[in-house]
Structure formats: structure tokens, C-alpha cells
Amino acid sequence: GIMSIFFESFNKAELDTAIQEAEKLDPSDYTADSWETLAKALEAAKVALNNPQIDKAAYEEAKAGLDEA
């Protein structure tokens, strides 16, 4: 219904914001391992954001992965 569409767009906006914030980060502030973790999470988040077939759980997982990295 309308609420699920609203929720999906809200999630996409939230994920998009997290991606934009992650893209501003400086690799020199991280160890090679931690930057690699962040880069993988960022890539997964971009895939999730651009996949119209993805479900809510996958969006949340991608955002959580980015937040944790």
C-alpha cells in the first residue's frame, strides 16, 4: 500500500544519504583493512540503492553495513 511505498522511498533516501556521507570520507583516516571494509559496504549499498527489486530487509542490511563500516 501507500505506506510501504512511502517507507521504501524513505529507506532509499536514508541509504542514499549514508552513501553520500561515506563517499566524503578520507581513506587516509583509515587503516587499509578498515577502508576495504568500508569500500565493500559502500559498494553493497550502491547496488542495493539501484536495485528496484530489492526488499526492505536488504536495504536495512546495506545501510547497517555502511553505518558499521
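Modeller: One begins with confidence, since this is a predicted model. Confidence in the chain is lowest in helix H1, residues 2-23, with a mean of 75, and highest in helix H2, residues 32-49, with a mean of 91. The mean pLDDT of the chain is 82, and 86% of its residues reach 70 or more.

Biologist: How should low values be treated?

Modeller: Where pLDDT is low, the predicted coordinates should not be read in detail.

Biologist: How many helices and strands does the chain have?

Modeller: The chain has three helices and zero strands, in the pattern α-α-α along the sequence. Of the contacts with a separation of 6 or more, 62% join residues 24 or more positions apart.

Biologist: Which residues of the largest nonpolar core touch the most other members?

Modeller: In soluble globular proteins, nonpolar side chains tend to be buried together. Here the largest nonpolar core has 14 residues, and Leu15, Ile19, Ala45, Ala48 and Leu66 touch the most other members. H1, H2 and helix H3 (56-68) each give two or more residues to this core; the largest share, six residues, comes from H2. Beyond four places away in sequence, Ile19 touches Leu42, Ala45, Lys46, Leu49 and Leu66.

Biologist: Is Lys63 buried or exposed?

Modeller: Lys63 counts as buried because its relative accessibility is 17%, and the cut-off for buried is under 20%. This lysine, Lys63, lies in helix H3 and touches Glu14, Leu15 and Ala18, leaving aside residues up to four places away in sequence. In the chain, buried residues make up 23% of the 69 residues.

Note on methods: Residues numbered from 1 in each chain as written. Predicted model: local features only at pLDDT ≥ 70, side-chain atom pairs only at ≥ 80, totals over all residues. Heavy atoms only, no water. pLDDT = per-residue confidence, 0-100. Helix = DSSP H or I, 4+ residues; strand = E, 2+ residues; numbered from the N terminus. Core = buried A, V, L, I, M, F, W, Y, C linked by side-chain atoms within 4.5 Å. Buried < 20%, exposed > 50% of the residue type's maximum accessible area, 1.4 Å probe, protein only. Contact = heavy atoms within 4.5 Å.
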